Amino acid sequence: MARDSFTPDFDPDCGDRALSSARHDIVIGRWRGLRELLYATGPQWLARGHRVRLLAQACASSSSVESWLAAEPHRGDALVLRAATETARAFNLAIAAGRGAPIDQHRVDGAVLACLQAAEAYPEDPTPWVSLISVARLYPAGVRRQELGRWWDELHSRDPYSVEGHLQVLHYYSARWHGSHGFMYDFARDAAGVAPAGSALPVLVQYARVEEYRYAQDEAREGRTSLGLGQHWRHDGPVSDVRRTWERWIMGRTESEVAPGELRDLNYLAHAACYAGLQDIAAAVLRMPGRLATRTPWSYTGDPEKQLLKWRKEFRLRA
């Protein structure tokens, strides 16, 4: 039997070559590639959100966005990227401080102000509202429910089926942040229930399953409980959830190609299907993006490459 030559490609840009080129500009200290990329992307909200999020992660450790704003202080795209970059910087500080440790509230306030300025500069764009809901998690007590609701309404009116926007609310309402497992699952299932056929929103339930697992890992690591998650992925609930996501999202898709902004969502569904023992769904979803893969959520349950190779071998998939 011929050996499988498959090697997963964990391209950080998820196959988006134009994004890779723009990120190279950041490395060499240029900003014009950022302007050209975001101008060309325009109001393609899925691609725009994906690109802004990954550009912001790269800009967080550089001065590229500041250089761009110095040259074009009123450019909407630059202000949107600056808002996402300030959000990424605030999260980098939180990660460095450690779980539960507060960070300078002025940094969080600054990111919020940058988001509001970006929203004013580019009124049609949902992206600043995604950044705003994301950074709200960093306030020790969260934000007032009315305020979060207003921000959510602004996002929802611009992009009602934004997976990234819904995902930021899901994180906010998770037990690791300012909510509970029940609140998080209710939000995910409500969003999935109103999503049209072909929308990726049903995969929010798989994100919630991973969030619950990560919470249990944290609790076990800190000695508050034992992990005890042998059936976390395989009992009737998660199995039914995977089937529903497959039927409502994948079976309803009309596109044959996988967009870079969908790749992480596909990996969450593939991961859930593998661990739920749903070989038919898992094999089909693993095939969809070819070699491309994301490290999360595989990294939460082991080595990503080893897991992908293990499941592909078990399902007898070939490169």
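**A guided tour of selected helices and one buried aspartate**

Begin by selecting Ala40, which lies in helix H2; helices (H or I, at least four residues) are DSSP runs, numbered from the N terminus. The model is predicted: local features need pLDDT of at least 70 and side-chain atom pairs count only at pLDDT 80 or more, while totals for chains, interfaces and linings use all residues. Residues are numbered from 1 along each chain as its sequence is written, and side-chain values use heavy atoms, with hydrogens and water left out.

Ala40 counts as exposed because its relative accessibility is 57%; exposed means over 50% relative accessible area, buried under 20%, and partly exposed in between (1.4 Å probe, protein chains only).

Next, display helix H1 (residues 17–27) with helix H2 (residues 32–41). Their axes are 8 Å apart, and the helices pack at an angle of about 155°. Axes are lines fitted to C-alpha atoms, for helices over the stretch in contact, and angles run from 0 to 180 degrees between N-to-C directions. H1 and H2 are therefore roughly antiparallel, a term for angles over 145 degrees. Show the side chains of Ala18, Leu19, Ala22, Asp25 and Ile26 in H1, which meet Arg32, Gly33, Leu34 and Leu37 in H2; contact means heavy atoms within 4.5 Å. By class, this contact has 6 nonpolar, 1 polar and 2 charged residues (Ala, Val, Leu, Ile, Met, Phe, Trp, Tyr, Cys and Pro count as nonpolar, Asp, Glu, Lys and Arg as charged, and the others, Gly among them, as polar).

Move on to Asp125, in the loop between helix H6 (105–121) and helix H7 (127–135). Asp125 counts as buried because its relative accessibility is 0%. Its side chain is joined to that of Arg48 by a polar contact of 2.7 Å (a pair of N or O atoms within 3.5 Å; within protein, one must be able to donate a hydrogen and the other to accept it, and residues adjacent in sequence count only if both atoms are side-chain atoms). Not counting residues up to four places away in sequence, Asp125 touches Trp45, Arg48, Val80 and Arg158.

Finally, select helix H14 (residues 279–287), whose buried residues are Ile281, Ala282, Ala283, Val285 and Leu286. These buried residues pack against helix H12 (236–250), helix H13 (263–276) and helix H15 (304–314). The axes of H13 and H14 come within 8 Å and cross at roughly 150°, which means that H13 is roughly antiparallel to H14.

Methods. Helices (H or I, at least four residues) and strands (E, at least two) are DSSP runs, numbered from the N terminus. Angles under 35 degrees count as roughly parallel, over 145 as roughly antiparallel, 65 to 115 as roughly perpendicular and the rest as oblique.
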